[in-house]
Amino acid sequence: MKNMEEKIWEYIDGTCSEEERRAIDALIAQDASFRRKYEELLSLHREFSAIESDEPPMAFTYNVMEAIRSEYAQHPLKAQINKRIIRVITWFFILSIVFFLVLFLSNLHLTPVKLSVHLPVSLKVPDMSKYLSWPLIEGFIFLDVVLALFLFDGYLRRKKASGSV
């Protein structure tokens with residue numbers, strides 16, 4: 001149920017139904033307290049209507065947007081990414097790949113396959129066993145490791161020079 005003020009405000013605003021309007025007209029004409037409240041709210045309504053709404057200056061929106069833009073410019077996107085989360089995800093995938101690779105290799109049962117290749121008699125394949133010896137293979141692996149370390153060192157020096165580390 002609406003109280004007296006709500007009914008009067010609806011009457012003043014013109015949002016009440018025609019039946020309610022007639023009932024409020026009758027109450028204003030008959031009841032002195034209802035009439036006083038109506039006159040009080042009507043004068044308040046006139047005062048509200050007379051007040052001009054304050055408008056922000058023309059550059060207000062521009063200044064606010066510039067302040068927001070400069071605030072985001074101070075914090076680059078790279079600073080907002082949590083590096084620990086990236087590392088955890090990376091280690092998860094590395095460990096998963098290693099686990100599945102070990103599982104695959106442990107369940108793999110290889111049997112030697114004899115391939116019979118029939119080469120023409122005039123074609124002779126040289127015997128590579130006299131050219132490839134274990135010390136030569138070890139030297140090749142050692143050279144590859146040294147080159148990989150050299151490349152990794154160059155990568156770290158470039159990263160340090162750019163200020164990332």
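The model is predicted. The protein holds seven helices and zero strands. Buried residues account for 7% of its 165 residues.

**Helix H6**
- Helix H6 covers residues 83-106, which is 24 residues.
- From the first C-alpha of H6 to the last, the helix reaches 34 Å.
- That span is close to the 34 Å expected at 1.5 Å a residue.

**Lys37 in helix H3**
- Lys37 sits in helix H3, which runs over residues 32-50.
- Is Lys37 buried or exposed? Its relative accessibility is 19%, and buried means under 20%, so Lys37 counts as buried.
- Which residues does Lys37 contact, leaving aside neighbours within four places in sequence? They are Met4, Glu5 and Ile8.

**A note on helices**
- An α-helix has 3.6 residues a turn, so residues three or four places apart point the same way.

**The whole protein**
- Along the sequence, the pattern reads α-α-α-α-α-α-α.
- The protein exposes about 15,600 Å².
- Take the contacts between residues at least 6 apart in sequence: 47% of them join residues at least 24 apart.

Terms used:
Residues are numbered from 1 along each chain as its sequence is written. This is a predicted model: local features need pLDDT of at least 70, side-chain atom pairs count only at pLDDT 80 or more; totals for chains, interfaces and linings use all residues. Side-chain values use heavy atoms; hydrogens and water are left out. Helices (H or I, at least four residues) and strands (E, at least two) are DSSP runs, numbered from the N terminus. Buried means under 20% relative accessible area, exposed over 50%, partly exposed in between (1.4 Å probe, protein chains only). Contact means heavy atoms within 4.5 Å. The expected span of a helix is 1.5 Å times one less than its number of residues. Accessible areas come from the Shrake-Rupley method with a 1.4 Å probe; for residues, only the protein chains shown count as cover.
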